[in-house]
Amino acid sequence: MLHFVPFSALSILALVVCFLLVCVFEFVNGFHDTANAVATVIYTNSLKPRTAVIWSGLMNFVGVILGGISVAYGLVELLPADVLSPPNGDPAVPMLMALFGTALAWNLFTWWFGIPNSSSHCVIGALIGVAIGDALLHTRDLGNSVDWSQIWKVLRALAISPILGLVGAGGLYFILKHLVKDPDLYSPPKGDKPPHGWVRGLLILTCTGVSFSHGSNDGQKSIGLIMLTIIGILPATFALNPGAAPDVSHVAERAAIVAPLLDRYDHDGLRGEALAAAGRLQQTKPDAVVPSQLRADIYEVVAGLKAVAANPAASAEEKKVAKSIGSQFRPTVEYAPWWVRLLSALCLGIGTMVGYKRIVHTLGEKIGNTHLTPAQGASAELVGAGLIATAGYTGLPVSTTHIITAGIAGTMLGSGSGINRGMLVKIALAWIFTLPVTIAIATGLFYVLSM
């Protein structure tokens, strides 16, 4: 049978507040990032603003529903295993308050000033801050407490994707200009007149692609955060995947297989935590499981197995075993009920329908020295949609804002119209300061709230 771990009424209240905060964060994410998809169709008069944002909201909704959860748990795994799997509500509260408080504050700050900023950046910075705060709280070495390999993987994707957007969109625009001679593609809108047939259809199509891919990538981030919250509120119900009962019955034998690997290659790296967790898992009895403890032990072992797989001293066969058992453990703790996907989709979709005007104005008029043309918008969005969708299905969180903004800048350079250096400096400064600011705030909040 399952064992329940009691926690205080204050913890329940705080976690319910956190649950509301994550919904607000995804709502803000929606209206903060809407402009990336609708700026082109609005500024070219292809769609009326209200129609554009409603359509974008619907496509964001569909993107969340049809997207996976690899990005969700790719982000979640930035946290140390013990923070990721609190045994009751109390440790979850400072983690979630630090996450949502930091990300929401920076998102709203940049939105107020009309600066395109990445919600992904905010969340990643806050997650790193919580991990560092946990290391400081427990006087741990940062090298062992924080999964730096996962952090560098995420940061590389964030850093490389805007460059790909800049070069890809600029290159596509260059190709279009030499192959397609329709003047409507390269002329700013005249009054309220929409572009003619196929140009308008192309812009609506690229708007649809960016909206869908944004939902499939960014929507997953809130799925991961919602799961952390409900696991904190009801660990006995949600700590383990209810559909993974067969996996639970095989936990002990899998732990017995990997224990020697952890002892040989990762004992020093994780101070014996993964090895100790494997020992507890070997004693697991399916009819007497404490969900939160089992979840914590599985995450400790998975973290240890990742270190084994990356250890150059391990043989190819040992690395293969480590990866295989790790992938078998994951479905037990990495899942999302249908209603969590639906809630994330609704928050993102509804948020997409409001608050878009500030960022649209920046993207449409302030990045370049001239107004956005259909060819520029279509090039930026087509390349952006492809990059975001690819990242979403490979488990890498990327920034829709960074990719589309860089793409528009690339087309401005490609057209020879030039870029507005003052605005790009503001955007670049926001990009540069987002990580250090959110890391610092989240570290401080988590440390103070945990004491």
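The crossing of helices α6 and α8 is left-handed, a term used where the near helix is turned anticlockwise from the far one by less than a right angle (right-handed if clockwise). Here and below, helices are DSSP runs of H or I with at least four residues, numbered from the N terminus. The model is a predicted one, in which local features need pLDDT of at least 70 and side-chain atom pairs count only at pLDDT 80 or more, while totals for chains, interfaces and linings use all residues. Residues are numbered from 1 along each chain as its sequence is written, and side-chain values use heavy atoms, with hydrogens and water left out.

Helix α6 spans residues 119–137 and helix α8 residues 148–179; their axes come within 12 Å and cross at roughly 160 degrees. These axes are lines fitted to C-alpha atoms over the stretch in contact, with angles running from 0 to 180 degrees between N-to-C directions. The crossing angle therefore makes α6 roughly antiparallel to α8 (over 145 degrees). On the α6 side, S120, H121, I124 and I128 meet I151, V154, L155 and L158 of α8, contact meaning heavy atoms within 4.5 Å. The residues of this contact divide into six nonpolar, two polar and no charged; Ala, Val, Leu, Ile, Met, Phe, Trp, Tyr, Cys and Pro count as nonpolar, Asp, Glu, Lys and Arg as charged, and the others, Gly among them, as polar.

Turning to the aromatic rings, the structure holds three aromatic pairs. Rings of Phe, Tyr and Trp (its six-membered ring) pair if their centres lie within 6.5 Å, with planes under 30 degrees apart counted as stacked, over 60 as edge-to-face and the rest as tilted. One of the pairs, W106 with F109, is stacked, at 5.4 Å centre to centre and 25 degrees between the planes. Both residues belong to helix α5 (residues 89–112), where they sit three residues apart, about one turn of the helix. W106 counts as buried because its relative accessibility is 14%, whereas F109, at 44%, counts as partly exposed. Buried means under 20% relative accessible area, exposed over 50%, and partly exposed in between, for a 1.4 Å probe and protein chains only.

Another pair, F238 with W339, is edge-to-face, at 6.1 Å centre to centre and 70 degrees between the planes. This pair links distant parts of the chain, 101 residues apart: F238 lies in helix α10 (residues 235–238) and W339 in helix α16 (residues 338–352). F238 is buried at 15% relative accessibility, while W339 is partly exposed at 30%.

Finally, E26 lies in helix α1 (residues 9–43) and counts as buried, because its relative accessibility is 1%. Neighbours within four places in sequence aside, E26 is in contact with D218, G219, S222, S344, C347 and L348.

Technical notes
Helix = DSSP H or I, 4+ residues; strand = E, 2+ residues; numbered from the N terminus. Parallel < 35°, antiparallel > 145°, perpendicular 65-115°, else oblique.
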